[in-house]
Amino acid sequence: MSSVVPPADQSRVTIGPAPAWVRVQAADESYRPAGGQPYTHLLLDEQYHAGLREHYTHTVQRLETLGAVRAASQWRFDFDPATQEVVIHSLLVRRAGAAVEHAQPERLRFLQREEQLDRYVMHGQVTVLVLLEDVRPGDILDLSLTTRSRPRLLPDRFWFFVSVPSEVPLRMCRFSIRFPKGRRFAWKAYAPGFAPVIEQAEGETTWRWTMENTVALEPEAQVPTWLLPPLWLQVSDCASWQEVIAAVGGAWQEALDGPELTRKAEEIALAAETLAQRVEKALEFVQDEIRYLSVNIELGGQIPAAPGDVLRRRYGDCKDKSFLLSQLLRRLGVPARPVLVNSLWRQSVQELLPTPDAFDHAVVEYELEGRRYWADATLTLQGGGARNRPVPDLRLGLPLSPGAKGLEPAPPPAAESAYELHETYYLDTTAGPSQLLVQVAARGSYAEELRRALVSEGAEAVAKSREQ
């Protein structure tokens, strides 16, 4: 799905020289590693200026195959027009000493494509596209641009996380950050020995990391998904997780006395006698009657919609549904709070420096009869009441409440997941038809999977699929 990009959004992309603070690095074009890769990566140079909130990127690669030419000759860059400006410096194609510059205003095309719409996600990003002409195997692409960003959360702080390419050989890889002298930054990397060279000049400090002639790392089998990338680097001046909690919590404006929330809480209270039953009905309502749809256009995916708006429109993403559920539970007298988690890295988040971007999902923590529970408001057809709802193994999260001080472990699992399959064969030894009886008993997450399949596909389709 694509739509017309407004002129105001297109104006966020310009063509111009690199900023004066950038140190342009030349690439070694004689580099030819063994292995026959589609691309030869000659240079990856990323420079950050914390004071100006600018990020300069310079890549140089040689296209070795026709497949690489097809992929790379449609240059594109995605940006958020609400928070970013882009200055394209060069889109250069070099061949045998000659160079053609494609960074020209008339070549820029703008697309607003919702590529994740089939996953119910609308991000609002804009793609700037340039079709590079007359590109052939053996050509060198020399590309550079700078983005200026202004985040909605903690706009006076600066942070970045980069994953160093490990699956391909690389002639030179450089990362650097420049910041005003005296500003307190910290860094972490995949190995403590990957330390920066420090420079002081003109009232600014520069940290620079360099890697040269790296070899491709052979990927290991059965690597847990929660492991961080093999090579990574992080820089941040966020003082603590408490600062992140305060910033996010301050942006998530509560509305416990909102009329829509009040009406829904009263409706649930009238329909259930005990507190546990009220919790169950609140969970069922938010999980099953508020459909999942992530619209990250106006607030950039970091600030949830007001609970009243979510109740009215009957859709929301993980933060919308979690924020609604936590306030609905609190309106019913149940202690509850949203919790930010990383659905991929899970407990590995504790290895990172504090930043708001360390999380990609939100759940809800509530307390019932002195015990803590987590619930994922985006799951559907769960069952299990208020005490036995399965939740993914997220390990730890960042609770959004005034008393929280940092990352906290997830409560013990509330329910066990099990899948039992019994197959009984009745063989007719007189050459008559034999029979097969299959009995399935599922609990926890396995029961949820079967339940969702029966609802979405129908019993007949599920039976046929199992038969096959």
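The expected span of a helix is 1.5 Å times one less than its number of residues. I began with this rule because I wanted to check the helices of what is a predicted model.

**Entry: helix α5**

I applied the rule to α5, whose 15 residues should span 21 Å, and I found its end C-alpha atoms 20 Å apart, which agrees. I then looked up which residues of α5 are buried, and the list came out as Ala-276, Val-279, Ala-282, Leu-283, Phe-285, Val-286 and Gln-287. Against which elements do the buried residues of α5 pack? I found α4, α6, α7, β22 and β23. As for its placement, α5 (residues 275-289) lies across β22 and β23, and I noted an angle of about 165 degrees between α5 and β22.

**Entry: helix α7**

Helix α7 (residues 318-331) also packs on the sheet, where it touches β21 (336-341) and β22, and its direction makes about 15 degrees with that of β22. I checked the span here as well: α7 has 14 residues and reaches 20 Å from its first C-alpha to its last, close to the 20 Å expected. How many of the 14 residues of α7 are buried? I noted twelve, so α7 is largely enclosed by the rest of the structure. After α7 comes Gly-333, for which I noted a positive phi, near 90 degrees.

**Entry: the sheet under these helices**

I traced an open sheet of five strands in the order β23-β22-β21-β24-β25, with antiparallel pairing. Its edge strands are β23 (371-375) and β25 (408-409), each of which pairs on one side only. Between β22 (residues 361-368) and β23 I found five bridges in the antiparallel sense, and within this pairing Glu-365 has Trp-374 of β23 as its bridge partner.

**Entry: nonpolar cores**

Which residues have the most contacts inside the largest nonpolar core? This core has 27 residues, and I noted Val-279, Leu-325, Leu-328, Leu-329 and Tyr-366 in answer. At least two residues of this core come from each of α4 (259-271), α5, α6 (307-313), α7, β22 and β23, and α5 gives the most, with six residues. I followed Leu-325 in particular: leaving aside residues up to four places away in sequence, Leu-325 touches Ala-282, Leu-283, Val-286, Val-364 and Ala-377. Apart from this core lies another, of 25 residues, and I listed Trp-252, Trp-345, Ala-358 and Ala-404 among them.

**Entry: aromatic pairs**

I counted twelve aromatic pairs in the structure. Since Tyr-48 lies in strand β3 (residues 39-49) and Phe-158 in the loop between β11 (140-149) and β12 (159-163), the pair ties together parts that are 110 residues apart in sequence. Both Tyr-48 and Phe-158 are buried.

Next I took Phe-161 and Trp-345, an aromatic pair that is tilted, with 5.3 Å from centre to centre and 50 degrees between the planes. Phe-161 lies in strand β12 and Trp-345 in the loop between β21 and β22, so this pair ties together parts that are 184 residues apart in sequence.

**Entry: other strand pairings**

I looked up an open sheet of three strands, in the order β12-β17-β14 and with antiparallel pairing. Its edge strands are β12 and β14 (186-189), each pairing on one side only, and neighbouring strands of this sheet are turned by 10 degrees against each other on average, direction ignored. Four bridges join β14 to β17 (residues 232-236), and these strands run antiparallel; the bridge partner of Ala-189 in β17 is Leu-233.

Lastly I turned to β15 (residues 197-201) and β16 (residues 204-214), which pair in the antiparallel sense over five bridges, with Thr-205 of β16 as the bridge partner of Gln-200. The hairpin of β15 and β16 has two residues between the strands, and there I found Glu-202 with a positive phi near 55 degrees.

Technical notes
Residues are numbered from 1 along each chain as its sequence is written. This is a predicted model: local features need pLDDT of at least 70, side-chain atom pairs count only at pLDDT 80 or more; totals for chains, interfaces and linings use all residues. Side-chain values use heavy atoms; hydrogens and water are left out. Two strands pair if DSSP finds at least two bridges between them. Contact means heavy atoms within 4.5 Å. Axes are lines fitted to C-alpha atoms, for helices over the stretch in contact, and angles run from 0 to 180 degrees between N-to-C directions. Buried means under 20% relative accessible area, exposed over 50%, partly exposed in between (1.4 Å probe, protein chains only). A nonpolar core is a set of buried Ala, Val, Leu, Ile, Met, Phe, Trp, Tyr and Cys residues joined through side-chain atoms within 4.5 Å. Rings of Phe, Tyr and Trp (its six-membered ring) pair if their centres lie within 6.5 Å; planes under 30 degrees apart count as stacked, over 60 as edge-to-face and the rest as tilted.
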